[in-house]
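User: Could you take me through how this chain is put together, one question at a time?

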Amino acid sequence: MSESKEHRNNIYRIRAEGVGLVYRSNHRKNGADSGDFRALRNVSLNVKEGEFLSLVGPSGCGKSTFLYILSGLRKLSEGAAWINETPITGPALDRGIIMQAYALFPWRTIRKNVEFGLEVKKLPKKERRATADRFIELVGLSEFADKYPYELSGGMKQRIAIARALAYDPDVLLMDEPFAAVDEQTRGLLHEELLRIWDKTNKTIIFVTHSIDESIFLADRVAVMSPCPGTIKAILDIDLPRPRTPEIKSDPKFGSYRNRVWQLLQNEGERTEEITSADGRKRLGAAPQEAVI
Amino acid sequence: MKMQDKFKIKYRLLSLFESTVVIIVLLLVWIVVPIFYKNMYAPSLLTVLAELWKTLLSGELLLNTYTSLKVCFFGLLAGTVSGIVLGLLLGWYRKVELYLDPILQVMRNTSTLALLPLFVLMFGVGDLSKILLIMWGTFFPMLINTTQGVKNADPTLISSARSMSVGNMGLFFKVILPSASPYILSGFRLSAGASLIIVVGAEMLGAFHGLGRMVFFSSTNYFIDKMYAAIITLAILGVVVNALTTKLEDSLTKWQDKSVLS
């Protein structure tokens with residue numbers, strides 16, 4: 001394939017080729033797979049080292065499912081996916097997932113939560129503590145290190161979840177609508193903080209969201225997903241200067257990106273479309289919609 | 001500062017009064033009423049306390065208390081450990097639950113004391129039959145609570161731990177067990193209380209020593225004062241055990257948001 005030649009000089013942190021997921025139905029009538037549900041179809045995506053990619057789409061379009069496949073928590077049924085050019089076979093510490101519901105362990109103090117991945121890595125106690133404290137400081141919550149999660153606000157919990165994922169030093173951060181549950185003002189602060197941390201740590205990030213503004217504000221590229229079955233409809237390069245500040249949202253360029261994404265999300269009737277990915281190659285987007293029974 | 005301290009002391013005294021006033025009144029009634037109304041089955045509190053003191057000095061009360069507590073301790077220990085172990089299996093492996101649940105339901109709903117004569121026939125009048133009976137009686141609350149605790153473990157937390165590539169053992173000790181711990185602890189509190197109730201019943205039906213035997217033996221021989229002394233001792237033990245297990249529960253679940261639960 002000509003594709004592999006193009007990739008030769010360009011190691012991708014994340015790579016997905018034709019990823020699909022079908023939930024097999026338990027009740028099969030006469031051997032027909034009539035009850036099968038297709039959640040993902042032909043999802044292909046490449047993310048370079050240090051890149052920030054947003055994955056935006058309506059609820060139920062399978063964007064979180066795709067993220068779970070990359071995390072190794074869910075198996076794909078078609079295609080293949082790689083992290084650091086290694087096929088994904090299960091969870092590993094080269095990537096960290098950050099969930100909407102924070103998923104902090106309530107019986108552990110903040111520090112002990114951040115130490116979790118380091119315990120799995122079997123780091124000595126002293127080193128664990130030092131590393132945990134460093135990352136708790138990075139997210140600006142040092143004074144809460146000995147508190148339990150219930151004593152923190154939602155925004156603080158998510159910052160700790162980020163610190164926990166960063167602490168074991170993965171190459172890739174997979175963020176599943178991490179700021180969906182916090183209020184607008186806190187979300188704005190968390191955006192700037194995330195970009196600051198990203199700048200400092202040079203992680204590769206996939207950020208799943210259903211907020212158009214959020215996806216554009218944060219990312220180098222925005223991948224737009226359409227549902228039923230979930231597939232990537234288009235990938236837009238976001239050519240906005242960094243560091244980004246909230247003022248950028250009133251930039252006309254930002255507005256045109258917002259319109260473009262909005263149209264792509266609206267435009268559900270049109271199932272086939274030629275799209276341009278970031279590396280300039282043309283490829284065919286979603287196939288005609290399959291009947292879902 | 002001084003004002004604050006004053007308020008604090010006042011508040012403490014008030015809450016102490018609130019929590020003890022009813023008990024004090026009842027104890028006074030227990031002293032006053034027998035002066036006017038004499039009944040051999042209802043001796044005055046003072047007579048009972050004198051008897052309690054006497055049995056304490058003679059060592060009789062201590063021996064019986066020691067015997068009952070010893071039996072309770074070992075029975076509770078055995079029931080707790082076996083209940084937790086099986087509960088973890090039942091909660092985690094659906095197949096184990098499918099096979100074992102029906103028989104466990106039958107066993108659980110059989111009155112524990114109904115089994116006592118059988119246990120005595122099989123294991124004798126000594127401590128063993130009672131330890132096994134208490135094990136039986138405390139096993140089920142432990143089992144049910146542990147199973148519930150494991151089942152209620154938050155799947156998001158399990159996913160989160162798995163994403164950090166934790167192994168099966170790590171998942172078990174770092175996520176499942178702590179998740180289930182509040183359930184296990186409240187099961188333990190219930191079981192500890194149940195063990196005291198079971199031991200009394202068991203000792204009444206056949207024992208050489210123990211508070212249950214002391215109550216039963218005293219009543220059949222019309223040592224009414226002594227019977228009350230044993231009952232009071234049991235009441236105090238019950239309150240102390242409950243206070244201790246509640247304290248244990250509280251101190252091990254500090255991480256829970258109590259304001260939401262109440």
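Predicted model: local features only at pLDDT ≥ 70, side-chain atom pairs only at ≥ 80, totals over all residues.

Analyst: Residues are numbered from 1 along each chain as its sequence is written, while chains are lettered from A and ligands numbered from 1 in the order in which they are written.

User: How many of the residues of chain A, in percent, count as buried?
Analyst: Chain A holds eight helices and 12 strands, taken as DSSP runs numbered from the N terminus (helices H or I, at least four residues; strands E, at least two). A residue is buried if 20 or more other C-beta atoms, placed from the backbone, lie within 10 Å of its own, exposed if 12 or fewer, and partly exposed in between. Of the 293 residues of chain A, the buried share is 41%.

User: Which strands are the edge strands of the open sheet of four strands in chain A?
Analyst: The strand order is E2-E1-E4-E5, with antiparallel pairing, where two strands pair if DSSP finds at least two bridges between them. At one end, E4(A) (residues 78-83) and E5(A) are joined over two bridges, and A:Trp82 stands opposite A:Pro87 there. The strands that pair on one side only are E2 (37-48) and E5 (86-87) of chain A.

User: Why is H2(A) described as largely enclosed by the rest of the structure?
Analyst: Helix H2 (residues 63-71) of chain A packs on the sheet and touches E1 (12-23), E2 and E4, a contact being two residues whose C-beta atoms, placed from the backbone, lie within 7 Å. Its buried residues include A:Phe66, A:Leu67 and A:Tyr68. H2(A) is largely enclosed because the buried residues number nine of the nine.

User: Are H4(A) and H5(A) parallel, antiparallel, perpendicular or oblique to each other?
Analyst: H4 (residues 125-138) and H5 (residues 154-167) of chain A pack at about 135° with axes 9 Å apart, the axes being lines fitted to C-alpha atoms over the stretch in contact and the angles running from 0 to 180 degrees between N-to-C directions. Angles under 35 degrees count as roughly parallel, over 145 as roughly antiparallel, 65 to 115 as roughly perpendicular and the rest as oblique. The two helices H4(A) and H5(A) are therefore oblique.
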